[in-house]
Amino acid sequence: MTLHDHVEHELGVAKLAPDAASQFAHLERAHILSQYSTRDHVAVHMRMLRWAVRERDVREVAGQVVRIVGAATKTAIGLIPVGNTGGSNVSAIKPMPLPDDLAEIIARAPR
């Protein structure tokens, strides 16, 4: 499976998750995996934005708008904070530790 396939899997799980917290947790996992592709990175932030609108989370909406611009303009030149979960509750530029399972997927998956 490619990284794109893994991103799509996490997005699918997010869509089926039973509650908002579980949905966002899977969006965060998708975000970590998406950071190596501008298309996927922007798409995940768009899904996070839709989640924020649906949840009426104004702070998250604003944070995602900024992050969409950043993902669209910075990903292709390699300016990504590896491991960052992508939500407005963390700095958009702060690298974070990779969960072990996602680190393994990133290391092994063809891009």
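The legends below describe close-up views of a predicted model.

**View 1. Helices H3 and H4 pack against each other.**
Helix H3 covers residues 38-54 and helix H4 covers residues 58-74. Their axes come within 9 Å and cross at roughly 170°. An angle over 145 degrees counts as roughly antiparallel, and H3 and H4 are therefore roughly antiparallel to each other. On the H3 side, the residues in contact are Thr38, His41, Val42, His45, Met46, Met48, Leu49, Trp51, Ala52 and Val53. On the H4 side, they are Glu60, Val61, Gln64, Val65, Arg67, Ile68, Ala71 and Ala72. By type, the residues of this contact are 12 nonpolar, 4 polar and 2 charged.

**View 2. The largest nonpolar core.**
This core has 17 residues. Those that touch the most other members are Leu3, Val7, Leu11, Leu27, Leu33, Val44 and Ile105. At least two residues of the core come from each of helix H1 (3-16), helix H2 (20-34), H3 and helix H5 (100-108). H2 gives the largest share, with 5 residues.

**View 3. The surroundings of Leu3.**
Leu3 is one of the core residues that touch the most other members. When residues up to four places away in sequence are not counted, Leu3 touches Leu33, Tyr36, Ile105, Ile106, Ala109, Pro110 and Arg111.

A search of the whole structure finds 1 aromatic pair. The pair is made by Phe24 and Trp51, with the ring centres 4.5 Å apart and an angle of 45° between the planes. This arrangement is tilted. Phe24 lies in helix H2 and Trp51 in helix H3, so the pair links distant parts of the chain, 27 residues apart. Both Phe24 and Trp51 are buried. Trp51 is also among the H3 residues that meet H4.

**View 4. His6 in helix H1.**
His6 is found in helix H1. Is this residue, His6, buried or exposed? The relative accessible area of His6 is 17%, and buried means under 20%, so His6 is buried. Leaving aside neighbours within four places in sequence, His6 is in contact with Met1, Leu33, Ile105 and Ala109. Leu33, Ile105 and Ala109 are also touched by Leu3.

**View 5. Pro97 in the loop between H4 and H5.**
Pro97 is found in the loop between H4 and H5. With a relative accessible area of 73%, Pro97 is exposed, because exposed means over 50%. Along the chain, Pro97 and Val82 are 15 residues apart, and their C-alpha atoms are separated by 7.8 Å.

Methods:
Residues numbered from 1 in each chain as written. Predicted model: local features only at pLDDT ≥ 70, side-chain atom pairs only at ≥ 80, totals over all residues. Heavy atoms only, no water. Axes fitted to C-alpha atoms, helices over the stretch in contact; angles between N-to-C directions. Helix = DSSP H or I, 4+ residues; strand = E, 2+ residues; numbered from the N terminus. Parallel < 35°, antiparallel > 145°, perpendicular 65-115°, else oblique. Contact = heavy atoms within 4.5 Å. Nonpolar A, V, L, I, M, F, W, Y, C, P; charged D, E, K, R; others polar. Core = buried A, V, L, I, M, F, W, Y, C linked by side-chain atoms within 4.5 Å. Buried < 20%, exposed > 50% of the residue type's maximum accessible area, 1.4 Å probe, protein only. Phe/Tyr/Trp six-rings, centres within 6.5 Å; stacked < 30°, edge-to-face > 60°.
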